[in-house]
Amino acid sequence: MENFQFFSRISDLNKKDQDLIYSAQKASESSYSPYSRYRVGAAVRLTDDQVIHGSNQENASYPAGLCAERVALFHIGSSYPNKKIESLATVAKRAGESDFKPVSPCGVCRQVMLEFELRQKTPIRVILQANDGRWVIAQNAQVMLPFSFGQDSL
């Protein structure tokens with residue numbers, strides 16, 4: 001699995017990646033999730049080391065909500081269209097609980113990450129916690145979405 005790196009503990013990651021995870025954890029505090037009670041936070045590091053945050057925002061009309069990853073990515077697309085993304089970390093926990101749970105971006109978020117990656121012509125590293133508690137770094141968004149849909153599919 002050369003496209004993925006696995007780490008037993010968060011302390012095994014480099015400091016920049018640890019800080020990005022902690023930023024994602026902090027971002028989860030702004031989650032508006034009264035329906036799922038599932039608080040998701042995302043932090044995206046740009047190549048200039050600026051960090052942009054996003055959290056999931058739900059709506060009583062469920063399809064109108066937006067995942068944390070897309071909140072952050074679309075903010076970057078509209079506010080920093082010429083900057084490149086280096087890494088994205090995503091975390092989640094249930095409301096009222098202190099421990100973060102393993103989480104992986106949904107398929108729509110993976111598609112959006114891929115579009116950003118293709119647009120900027122450089123890989124976006126994706127950091128998340130796996131079901132077994134280890135931390136995983138995908139070397140690019142494309143490996144997280146096999147058989148993806150891109151410009152060549154149109």
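**Figure 1. I124 counts as buried in this predicted model, at 1% relative accessibility.** Buried stands for under 20% relative accessible area, exposed for over 50% and partly exposed for values in between (1.4 Å probe, protein chains only). The model is predicted, and local features need pLDDT of at least 70, side-chain atom pairs count only at pLDDT 80 or more, and totals for chains, interfaces and linings use all residues. Residues are numbered from 1 along each chain as its sequence is written, and side-chain values use heavy atoms, with hydrogens and water left out. I124 sits in the loop between α3 and β5, where helices (H or I, at least four residues) and strands (E, at least two) are DSSP runs numbered from the N terminus. Its C-alpha atom is 5.2 Å from that of E86, although the two residues are 38 apart in sequence. Beyond its neighbours within four places in sequence, I124 is in contact (heavy atoms within 4.5 Å) with I85, E86, S87, L88, M113, F116, E117, A138, Q139, N140 and A141.

Figure 2. When neighbours within four places in sequence are set aside, the contacts of T47 are with K84, I85 and E86.

**Figure 3. The largest nonpolar core has 19 residues.** Such a core is a set of buried Ala, Val, Leu, Ile, Met, Phe, Trp, Tyr and Cys residues joined through side-chain atoms within 4.5 Å. Inside the largest one, the residues with the most contacts are V44, L73, I85, L88 and V126. Two or more residues come from each of β2 (38–46), α2 (68–79), β4 (85–94), α3 (107–120), β5 (125–129) and β6 (135–138). A second, separate core has 12 residues, among them I21, A24, V91 and I137. In soluble globular proteins, nonpolar side chains tend to be buried together.

**Figure 4. L88 is viewed with the residues that it touches.** With residues up to four places away in sequence not counted, L88 touches L20, A43, V44, E69, L73, M113, I124, R125, V126 and I127. L88 and V44, L73 and V126 from this list are among the residues with the most contacts inside the largest nonpolar core.

**Figure 5. One aromatic pair is present in the structure.** Rings of Phe, Tyr and Trp (its six-membered ring) pair if their centres lie within 6.5 Å, with planes under 30 degrees apart counted as stacked, over 60 as edge-to-face and the rest as tilted. The ring centres of Y35 and Y62 are 5.8 Å apart and their planes stand at 80 degrees, so this pair is edge-to-face. The pair links distant parts of the chain, 27 residues apart, because Y35 is in the loop between α1 (15–27) and β2 whereas Y62 is in the loop between β3 (51–55) and α2. Y35 counts as partly exposed at 38% relative accessibility, and Y62 is exposed, with a relative accessible area of 60%.

**Figure 6. R37 and D49 are residues other than glycine with positive phi values.** For R37, in the loop between α1 and β2, phi is near 55 degrees, and the residue counts as partly exposed at 47% relative accessibility. For D49, in the loop between β2 and β3, phi is near 75 degrees, and the residue counts as partly exposed at 45% relative accessibility.
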